[in-house]
Amino acid sequence: SQQGEEDPQALSIQEGENATMNCSYKTSINNLQWYRQNSGRGLVHLILIRSNEREKHSGRLRVTLDTSKKSSSLLITASRAADTASYFCATLMPNAGGTSYGKLTFGQGTILTVHP
Amino acid sequence: EAQVTQNPRYLITVTGKKLTVTCSQNMNHEYMSWYRQDPGLGLRQIYYSMNVEVTDKGDVPEGYKVSRKEKRNFPLILESPSPNQTSLYFCASSPGGREPQHFGDGTRLSIL
């Protein structure tokens, strides 16, 4: 299975509710990034959390990282219809020789639908 | 406007006909990368480049070539395309390998 696995695969909620998406990974990472993708478009970066950080906030977004459990979660509070999109976690690891950090591995994504 | 530009946006071609997808960024970023996106598989990294003349394999490099002769450009080359390379391709760039990436709008390739 892949380095990053997300749960749930799909999430359907009403406007105003909170949405939580989870990401698990297998190997040690340098950082973990969350991206958003509107249907068929390019990805947009949301939040980056480093391996020595436990929580970060950006507006209505809250990301946690538990390196002991190799997992992260993205919480979107007070969801809006405009939050409807696919959300991906991505983990940054070193290359095979351990000489640089550029290898980014994405999860399969969570499709979030927010109903007005 | 800061952007990553991919061309073409759409291409239908036939097996074995060499093709190049161009990627250009205007942000003076050192790092650039290529991904393919397939249903149910998320994005998978093909190749990345930490700087000019420095490239490294991602998770699915087979069947692809890249070059990084100038900082702004990072073309993806399919020397002998096959139907299993039909996919949505994204180019991305960032100031460095550990930074968030800026993505292009994607190139949809269909290989018949």
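A: Start with a definition: a nonpolar core is a set of buried Ala, Val, Leu, Ile, Met, Phe, Trp, Tyr and Cys residues joined through side-chain atoms within 4.5 Å. Keep in mind that this is a predicted model.

Q: How many residues does the largest nonpolar core have?

A: In soluble globular proteins, nonpolar side chains tend to be buried together. Here the largest nonpolar core has 21 residues, and M21(A), L32(A), W34(A), L74(A), I76(A), Y87(A) and L112(A) have the most contacts inside it. Several strands of chain A give two or more residues to this core, among them β3 (19-24), β4 (31-37) and β8 (71-76). The most come from β9(A), with four residues. A second, separate core has 19 residues, including V4(B), C23(B), M27(B) and Y89(B).

Q: What area do chain A and chain B bury between them?

A: The size of an interface is often given as the accessible area lost when the parts come together. For chain A and chain B that is about 1,900 Å², with 48% of it on carbon and sulfur atoms. Of the area that chain A buries against chain B, 23% is supplied by L43(A), K103(A) and F106(A).

Q: How many salt bridges are there between the chains?

A: Two are counted between chain A and chain B. D105(B) forms a salt bridge with R41(A), with the closest N and O atoms 3.9 Å apart. On the side of chain A that touches chain B, β10(A) gives the most, with six residues.

Q: Is G16(B) buried, exposed or partly exposed?

A: G16(B) counts as partly exposed because its relative accessibility is 39%.

Conventions
Residues are numbered from 1 along each chain as its sequence is written. Chains are lettered from A and ligands numbered from 1 in the order in which they are written. This is a predicted model: local features need pLDDT of at least 70, side-chain atom pairs count only at pLDDT 80 or more; totals for chains, interfaces and linings use all residues. Side-chain values use heavy atoms; hydrogens and water are left out. Buried means under 20% relative accessible area, exposed over 50%, partly exposed in between (1.4 Å probe, protein chains only). Buried area is the accessible area (1.4 Å probe) that two parts lose on being put together, summed over both. A salt bridge is a side-chain nitrogen of Lys or Arg within 4 Å of a carboxyl oxygen of Asp or Glu.
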